[in-house]
Amino acid sequence: MSNHPISSNKNQERLFLLALAGIQFTHILDFMIMMPLGPEFIKALDINTHQFGLLLSSYTFAAAIAGIFATYYVDRFERRQLLLSLYACFIVATLACGLAPSYETLFIARAFAGAFGGILGSLVQTIVADSIPFERRGKALGTVMAAFSVSTVAGVPLSLFLAHHIPSLGWRAPFIFIALISTVIMYLGYRNIPKIAGHLDHVHEGSRLNQILKILLAHQHIKAFVFMAFIMITGFSVIPYIALYLTSNVGINTAYISLIYLCGGVATLMSSRFIGHMADKYGKVKVFRALAVVSLIPLLVTTNLPVMPLWIVLINSTAFFILVSGRMIPAMAMVSQVVENKIRGTFMSLIGSVQMLASGIATVLAGMVVTIGADGKMEHYNWVGYGAACCGLLTIWLVGYIHSDPKKN
């Protein structure tokens, strides 16, 4: 079987990537819609902000744990069958969120949705790496990762619209909508994702636990885990608190937060394929370093903004979205190439768990630094920005240890 089963047919490859992007879109959207619906959940379920925070973290940490668990079987099954089976479970879990009668049942349903969604994310990237040649992989990953941008564009305003305009369902409406659209995307995947079983030709020797430990502790792999952790810390120490800082310190009306996400999402959607193309053309390392350096500007501006007009905030926040998320395209293309085909699924599951854990830890640590003053303004957010910038500088140095072949970087 060919290592790249669809690479000879451009139309088939386009539909293949569209199906994978659809899967990415729905599981990312499923996570993102929770954030703007906080007030609705607190009111409808009669919970406090701490309980809502636990509801959010149930998804993230379940995804991290599931990613580790997935390492036991992800390389033992044919990719297409595993992907569609997990996606079916994700759809059921998401529908269960929309039908949950209480806080406790919603918490459990969110954990299951996070578990299946977390595995889906790394599995989709594994399938792209298995199916698309390295010289075109940056552009392909750019296409699939554009799903994050679409989720940003659609997630925030759409979840609010559905929750507010279907009063009989309220906060349940977005989950039911995602379950319905996911069913359509599953059919698209069933029709357009080919069987991918080249990794099954390899013989796995020894116990599964020893295999996983060998993958986890390999020197080159540890470099990749550390590299990815610092990328996530750079972004997720800042991102969760942007809306709060803009409304409390910069004087932006809450009604314009959706506009900020909309502009950032549209811009990222337009730029992601271009960034992927540039990474393929000029080298993943060079493009990553350029994006990482330039992204420090809007990052530091974001965490130090005084009272500003909306148009200036929009320019900076849009640049932040493009550059901070853009780093992930060449980064994931390089990381996916660290391992050989037969263990890539296991490795990418571990990478996914590292991403989830690092983003959760970053959010918690930043939350311990920032405080709300007596005047209602956020304090010490600039400290978070300086720490994030230091982590960003570390990634510029670390990337040279991830992918250093001069013929490929």
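# Salt bridges and helix packing

D30 and R110 form a salt bridge, with their closest N and O atoms 3.1 Å apart. (A salt bridge is a side-chain nitrogen of Lys or Arg within 4 Å of a carboxyl oxygen of Asp or Glu.) The pair links distant parts of the chain: D30 sits in helix α1 (residues 10–32), R110 in helix α5 (residues 103–131), and 80 residues separate them. This is a predicted model: local features need pLDDT of at least 70, side-chain atom pairs count only at pLDDT 80 or more, and totals for chains, interfaces and linings use all residues. Residues are numbered from 1 along each chain as its sequence is written, and side-chain values use heavy atoms, leaving out hydrogens and water.

**The chain as a whole**

- The chain has 16 helices and two strands. Helices (H or I, at least four residues) and strands (E, at least two) are DSSP runs, numbered from the N terminus.
- Of the 409 residues in the chain, 55% are buried. Buried means under 20% relative accessible area, exposed means over 50%, and partly exposed lies in between (1.4 Å probe, protein chains only).
- Take the contacts between residues at least 6 apart in sequence: 83% of them join residues at least 24 apart. Contact means heavy atoms within 4.5 Å.

**Salt bridges**

- A search of the whole structure finds two salt bridges.
- K284 forms a salt bridge with D280, and the closest N and O atoms are 2.9 Å apart.
- K284 has 2% relative accessibility, so K284 counts as buried.

**How helices pack**

- Two packed helices are described by the angle between their axes and the distance between the axes. Axes are lines fitted to C-alpha atoms, for helices over the stretch in contact, and angles run from 0 to 180 degrees between N-to-C directions.
- Angles under 35 degrees count as roughly parallel, over 145 as roughly antiparallel, 65 to 115 as roughly perpendicular, and the rest as oblique.
- A crossing is left-handed if the near helix is turned anticlockwise from the far one by less than a right angle, and right-handed if clockwise.
- Contact residues are also sorted by class: Ala, Val, Leu, Ile, Met, Phe, Trp, Tyr, Cys and Pro are nonpolar, Asp, Glu, Lys and Arg are charged, and the others, Gly among them, are polar.

**α5 with α15**

- Helix α5 packs against helix α15 (residues 344–369) at an angle of about 140°, and their axes are 9 Å apart. That angle makes α5 oblique to α15.
- The crossing of α5 and α15 is right-handed.
- On the α5 side, the contact uses S122, Q125, T126, A129 and D130; on the α15 side, R344, G345, M348 and S349.
- By class, this contact of α5 with α15 has two nonpolar, five polar and two charged residues.

**α9 with α15**

- Helix α9 (residues 219–236) and α15 pack at an angle of about 35°, with axes 8 Å apart.
- α9 crosses α15 in a right-handed way.
- Residues in the contact include F225, M228 and M232 of α9, and L350, I351 and V354 of α15.
- The contact of α9 with α15 has 13 nonpolar, four polar and no charged residues.

**α12 with α16**

- Helix α12 (residues 284–302) and α16 pack at about 175°, with axes 9 Å apart. That makes α12 roughly antiparallel to α16.
- Among the residues that meet are F288, L296 and L299 in α12, and Y386, L393 and W397 in α16.
- The contact of α12 with α16 divides into 15 nonpolar residues, five polar and one charged.

**Buried spots**

- In helix α14 (residues 328–336), nine of the nine residues are buried, so α14 is largely enclosed by the rest of the structure. Among them are M328, P330, M334 and S336.
- G264 is in helix α11 (residues 257–282). G264 is buried, with a relative accessible area of 0%.
- Leaving out residues up to four places away in sequence, G264 touches T318 and F321. G264 and F320 are 56 residues apart in sequence, yet 7.9 Å apart in space, C-alpha to C-alpha.

**A loop residue**

- H380 lies in the loop between β2 (378–379) and α16 (381–402).
- Phi of H380 is near 70°, a positive value in a residue other than glycine.
- At 28% relative accessibility, H380 counts as partly exposed.
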